[in-house]
Amino acid sequence: MMPFIPSARHADYETGAVPIEHSGWRPEQRLPTYKVLGEDLDTDIVVIGAGLAGASLSLHLAERGVNVVTLEARQPGNGASGRNAGHVQTFLDNLEPLRAWGDHGKRFTEFFVEHRNIVFDLCARHGIDGDAVKSGMVEAAFRPHEALARKAALWKAYGYDVEVITEAPLRELLGTGKYRYGVHWREGGRVNPYLFTNGMIAAAVRHGARVFGDSPVMSCRREGQRWRVSTPRGSVRAQRIVICTNGHAGNLFFPELARTQYPLVACGMASKPLSPALLEIINPARVAMTQYPTGLYPMVIDGRNRLVTATIPHPRRAHEAKTYFAYFLRYLHRTYPRTRDFNIELGAYWTGITANSSSVYHEDYPKLYQVDDGVLALMNLGTWGNVMGPQLGLSLAQALATERLDDCMLPLQKPEPVRFQRLFELKTRHLMIPLARVIDRMQLA
Ligand SMILES: Cc1cc2nc3c(=O)[nH]c(=O)nc-3n(C[C@H](O)[C@H](O)[C@H](O)COP(=O)(O)OP(=O)(O)OC[C@H]3O[C@@H](n4cnc5c(N)ncnc54)[C@H](O)[C@@H]3O)c2cc1C
């Protein structure tokens, strides 16, 4: 077999801008491409960006009969949504930050719990072939953690099918005896986020949304009571704009949004399809798996029998596919010693950008900004996009269609710049991730 050779420019890996063709989530068959906006249109709402958030918002607005135009700089799923690790996490790690919200996060939490199966529901309802499988999720630890037990109890009280498990069931689910303690979430699982995003966009179009690709928005100008959103070859006049661009760096319209977030490059990897023998050894229950507390080697086995994982690369080394795959293989060999006898090959390597609104990972929540009159931004989804993106799109579409923005699951707030923006990436990539690797290897946590 041919060795894996990454071929984008180093700088593109570092900025998460490697062509989407590198993403392992791209299917072999071609998906529809959306034509360039080449005219001047009128609509009620313009959605900028067709990732998980923009796709869901477009779909749910169109379903409610709202006239919507979606403008995507490239093609749907080009951003983080086509590049993630495929975990469908139906719980939240830390509810503490919600206490500061007006209603202590009650509306948010209730909506989140009610719609926790949104990925699987949308795929079923719209016939989306997104390899969405409710295979459950396991957080696996080397020793008991009170925080894990508390988390499981909390979500059980919300009606979740979840339990703390120890050695024997962990071994049965994961196929390894390395972990002594964990939480088995029987909800959640995996999805191909690229196919899922594209599926939502295709469904939006079937419901009347007009979607344009290769149409980067260059400016948003007020014209009387309305806005004119311009792309290189056309424009759209609308009552409202919703910006769903995730990382906003480089966008000239409302540049203050770029200061509301901590961008972080992450890399994703997919192995070549595993042999039947390996599939019996590694994660036989095919749960979405993550390690507690480090979460360093998230793992799913997808519908093509490939291992998919993600990590945070060292500064200036994001292009080093072999380095990060080697880290992963060493983890795999430690966890499943029998895999040392097999050749597991890298099939795809890519990078993408996450945008957080908090410098503390577990305190991060997405944001809904009131940027100007008639201009909203739904962004900073952090690493929770697969469930949050569709949920937020649904919730915001309901609120916009009924003109009751206060009903949205997220509170409306003014864009506020974050503090020490550059420091976050330095701290995470230079210190925290390398330290977490040592902790995991030495089984110190
Ligand atoms: C490696 C990695 C692993 C991850 N793992 C997981 C995981 O396992 N589970 C999970 O839930 N989440 C995960 N995430 C996070 C998740 O992918 C994101 O939270 C989510 O995709 C964000 O969706 P979005 O719609 O906000 O942004 P994006 O998907 O980034 O979409 C933004 C879109 O806006 C477009 N755009 C930007 N500027 C313009 C413009 N001027 N005009 C028009 N369009 C524009 C972009 O082209 C892009 O398509 C991961 C992310 C990465 C990078």
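1. Conventions. In this predicted model, local features need pLDDT of at least 70 and side-chain atom pairs count only at pLDDT 80 or more, while totals for chains, interfaces and linings use all residues. Residues are numbered from 1 along each chain as its sequence is written, and side-chain values use heavy atoms, with hydrogens and water left out.

2. Ligand shell. There are 33 residues around the ligand. Glu72, Ser81, Asn251, Gly382 and Asn386 come nearest. The shell divides into 14 nonpolar, 17 polar and 2 charged residues. Here Ala, Val, Leu, Ile, Met, Phe, Trp, Tyr, Cys and Pro count as nonpolar, Asp, Glu, Lys and Arg as charged, and the others, Gly among them, as polar.

3. A ligand oxygen is 3.0 Å from a polar backbone atom of Ala80. A ligand nitrogen sits 3.0 Å from a polar backbone atom of His87. A ligand oxygen is also 3.2 Å from a polar backbone atom of Gly385. Taken alone, the ligand exposes 1,000 Å², and the protein buries 93% of that. Areas come from the Shrake-Rupley method with a 1.4 Å probe; for residues, only the protein chains shown count as cover. The elements that give two or more residues to the shell are α2 (52–63), β16 (346–356) and α10 (385–401). Helices (H or I, at least four residues) and strands (E, at least two) are DSSP runs, numbered from the N terminus.

4. Helix α4 and its ends. Asn117 lies in the loop between α3 (106–114) and α4 (118–126). Asn117 is buried, at 17% relative accessible area. Buried means under 20%, exposed over 50%, and partly exposed in between (1.4 Å probe, protein chains only). Leaving out residues up to four places away in sequence, Asn117 touches Lys134 and Glu187; contact means heavy atoms within 4.5 Å. The buried residues of α4 are Ile118, Val119, Phe120, Leu122, Cys123 and His126. They pack against α2, β3 (87–88), β7 (189–190), α7 (193–206) and α10. Just after α4, Gly127 takes a positive phi of about 60 degrees.

5. Cysteines. How many disulfides are there? The count is 0, with a disulfide taken as a pair of cysteine sulfur atoms within 2.5 Å. Cys244 is buried at 8% relative accessibility. Cys267 is buried at 2%.

6. The β11–β12 loop. Phe254 and Glu256 both lie between β11 (234–243) and β12 (262–271). Phe254 is buried at 12%, whereas Glu256 is partly exposed at 28%. Phe254 has a positive phi of about 45 degrees, although it is not a glycine. Glu256 and Arg233 are 23 residues apart in sequence and 25 Å apart in space, C-alpha to C-alpha.

7. Other backbone points to check. Most residues other than glycine have a negative phi, and most peptide bonds are trans. Asn380 has a positive phi, near 60 degrees. Asn380 lies in the loop between β18 (375–379) and α10 and is buried, at 0%. A cis peptide bond joins Tyr292 and Pro293, with omega about 5 degrees. Pro293 is in the loop between β13 (288–291) and β14 (300–301).

Definitions and conventions:
Near = heavy atom within 4 Å. Polar contact = N/O pair within 3.5 Å; in protein donor to acceptor, adjacent residues only side chain to side chain.
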